[in-house]
Amino acid sequence: MHNLSPEERTQIQLERLQSTLNRAYRNVPFHQNRKNRKGEAIDIERFQIESIKDLSNLPFMERKHLGEYYPYGLFAVPLRDIVRIHTASGTTLNPTVSGYTRHDLLVWQEMVSTALTASKITAHDILQINLDPGLANWGRDYKDGAESIEASVIPNTHLSIEKQLKVLKDYKTSVLITTPASASQLAGHIGSGTDLNPADLNLKTLILVGEPAGLEPRNLLEEQLHATTWLHYGLSEVPGPAIAFECENHKGLHVNEDNFIPEIVDIETGELLPEGETGELILTALTTRAFPLIRFKTGDRARFIQDTCSCGCPFKRIEWFEERTDDMLLINGVKVHQKLILLHIEDALGFVPGRYCFFKSQQGETSCLEVWITVDDTLFSDEIKALEKLMKTVEDKLHENIGVPVSIRLKEKHSFQNHC
Amino acid sequence: MLLVKNLKCYYGRIVAIKGVSMSVRKGELISLIGANGSGKSTFLQAICGLIPGLEGEITFEDVSLKGLDPPAIVQKGISMVPEGRLVFAPLTTLDNLKLGAYTIYRKKLHKYVKKDLEMVMELFPILRKRAYQQAGTLSGGEQQMLAIGRALMARPRLLVLDEPSMGLAPLLVEKILETLVMLRNKGLTILLVEQNARAALKISDRGYVLETGKIVLQGASSDLLADVEVKRAYLGKDYAEFYEGRA
């Protein structure tokens with residue numbers, strides 16, 4: 001839609017929004033039974049969004065809804081139209097399941113290729129994907145998008161850091177897609193653990209995904225890896241990477257408004273904020289067939305950048321901030337809900353520990369989820385081995401369900417006072 | 001070129017079009033498909049000023065068409081080929097074509113009529129042979145050609161057609177659709193309403209799927225052609241049966 005006038009683009013967005021809503025209200029009981037933000041039932045027959053602004057009358061979709069309607073309750077097409085099913089950890093014991101029609105996959109492929117092209121990636125590039133298992137879905141989308149612009153893709157495979165570096169060097173990788181945490185880990189390893197000189201690498205582009213990265217750490221990465229960094233924003237639920245992406249100016253991320261409508265709302269009241277103010281990013285999918293997200297609360301803190309970008313891209317830009325509006329932890333780009341961690345611990349132990357706390361920590365070069373659990377009467381055992389075995393079980397369960405490395409530490413009550 | 005926003009049309013208390021938005025850009029061939037009773041013809045009639053009391057916006061080349069009567073809309077540059085051809089049966093082919101140029105005569109632009117007649121005869125050579133034959137005696141395919149020719153005589157910038165393939169043999173349908181492609185290639189903008197979804201999508205640039213008065217899908221015609229939902233929307237099957245087994 002780049003060659004359209006602003007009026008024409010708005011019209012196309014309205015048409016896409018209306019047909020998305022018509023399908024969602026016709027096919028998905030969850031949407032049919034929802035009430036508007038004033039608490040009134042929506043008359044599906046007469047319901048009409050007449051402009052993009054009217055979108056703000058609709059209720060929000062939250063992560064908890066994705067778990068409540070597990071597995072297929074939010075699909076807007078029959079299962080036989082679904083060609084791919086993705087799973088992501090959600091906020092309940094039930095994971096988030098999203099489906100894709102063939103058309104949806106093509107849309108994602110196009111979205112990813114648009115973002116990669118904006119990062120100057122071409123068919124001449126060798127593109128390596130290195131993402132945690134929790135972001136495996138994004139790995140597939142990046143592979144498809146990069147292949148569509150005929151780049152040579154080294155798909156996402158779980159490798160040790162030494163192997164990653166070997167591939168990076170020997171395969172002459174020019175583009176690396178990874179999280180800021182993994183990129184720092186890699187840079188740190190080059191700096192200390194090997195005799196590899198970054199100048200020996202062919203790396204020129206580092207696509208950072210999954211979590212925001214400030215200017216300072218990016219500059220450091222660019223210096224350490226001799227590459228230019230580009231930030232991409234995505235959702236693990238839809239899933240998709242590259243919903244928003246940086247252009248050559250690196251001044252904010254362009255939201256792909258061909259496929260998503262972004263809104264920024266007040267975190268407390270949910271009301272739309274004036275342009276330029278910081279709030280929660282809300283996304284509505286315009287072209288998704290199987291799994292329409294309507295006013296989805298992302299939990300990400302952002303603000304619209306008001307002035308137009310000199311790159312010529314007509315999409316609105318956002319500034320994406322590190323703090324979140326919810327209590328999710330971002331570990332290697334994977335969103336981990338604290339409530340979910342507790343649910344899995346309760347499931348494994350059979351009870352809720354007396355005290356606990358969760359945070360992101362660094363183990364050597366790896367970011368991981370650190371869980372502190374208090375040792376009290378319910379947990380205490382005079383057999384250390386039994387206790388260790390139990391904790392290993394909890395660690396494995398968490399790792400399996402959340403997709404990030406987990407370290408559990410048993411602590412005495414007073415340890416919590418200073419840390420949690 | 002044509003922008004429709006939130007169009008609602010009523011037949012008494014029945015809402016036939018329930019807030020449809022669509023756009024046609026200059027030089028495009030757009031198809032609007034859907035099952036029987038989905039509101040396709042009502043939509044076209046609304047654009048051509050044949051439905052009173054509609055709500056929403058219809059603008060053509062930045063001018064609102066709301067409240068204009070059909071002759072005024074033809075003068076603005078929109079010509080319609082109605083469903084079932086509706087040729088003037090007792091009149092000759094030639095007179096039917098000249099009637100299509102009614103607004104051109106009104107503008108005192110007689111000099112164009114002869115040239116346009118020649119253009120239509122070249123487009124559909126059979127009409128030259130049938131020039132003095134009563135239109136009611138023409139075959140279905142010939143009548144369709146006449147209806148298109150008659151609409152072209154008004155020198156439209158947007159040609160809208162309502163089910164041009166209806167009741168025609170496959171070979172004739174092909175011929176009619178080929179003609180539309182040819183006209184589009186010459187720069188004419190076309191909005192085509194068809195039940196023959198496959199045929200319409202094959203020749204159009206973009207398409208919209210209308211279902212019970214609402215647009216449920218839109219996109220590039222090549223995408224819609226491959227879409228399984230289109231088949232169902234076109235066939236108008238009940239969706240409930242497809243959702244069995246959903247949690």
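Leaving aside neighbours within four places in sequence, A:E280 is in contact with A:V265, A:I267, A:K297, A:T298, A:G299, A:R301 and A:T325, where contact is defined as C-beta atoms, placed from the backbone, lying within 7 Å. The model is a predicted one, in which local features need pLDDT of at least 70, side-chain atom pairs count only at pLDDT 80 or more, and totals for chains, interfaces and linings use all residues. Residues are numbered from 1 along each chain as its sequence is written, while chains are lettered from A and ligands numbered from 1 in the order in which they are written. A:E280 belongs to strand 11 (residues 279–285) of chain A; helices (H or I, at least four residues) and strands (E, at least two) are DSSP runs numbered from the N terminus. A:E280 is buried because 22 other C-beta atoms lie within 10 Å; the term buried requires 20 or more such atoms, exposed 12 or fewer, and partly exposed covers the values in between, with C-beta atoms placed from the backbone. From A:Y142, 138 residues apart along the chain, A:E280 is separated by 26 Å between C-alpha atoms.

Axes here are lines fitted to C-alpha atoms, for helices over the stretch in contact, and angles run from 0 to 180 degrees between N-to-C directions.

Elsewhere in chain A, helix 9 (residues 338–349) and helix 10 (residues 384–402) pack at an angle of about 140 degrees, with their axes 9 Å apart. That angle makes helix 9 of chain A oblique to helix 10 of chain A, since angles under 35 degrees count as roughly parallel, over 145 as roughly antiparallel, 65 to 115 as roughly perpendicular and the rest as oblique. Helix 9 of chain A contributes A:I341, A:H344, A:I345, A:A348 and A:L349 to the contact, and helix 10 of chain A contributes A:T393, A:V394, A:K397, A:L398 and A:N401.

Turning to chain B, strand 1 (residues 2–11) and strand 4 (residues 55–60) pair in the antiparallel sense over five bridges. B:T59 in strand 4 is the bridge partner of B:L3, and B:T59 also stands opposite B:S64 in strand 5 of chain B. Strand 4 and strand 5 (residues 63–64) of chain B run antiparallel, joined by two bridges. These strands form a hairpin with two residues between them, and B:E61 in the turn has a positive phi of about 50 degrees.

Between the chains, 21 residues of chain B are in contact with 23 residues of chain A. Strand 10 of chain B gives the most to the side of chain B that touches chain A, with five residues.

Conventions: Pairing = 2+ DSSP bridges. Contact = placed C-beta atoms within 7 Å.
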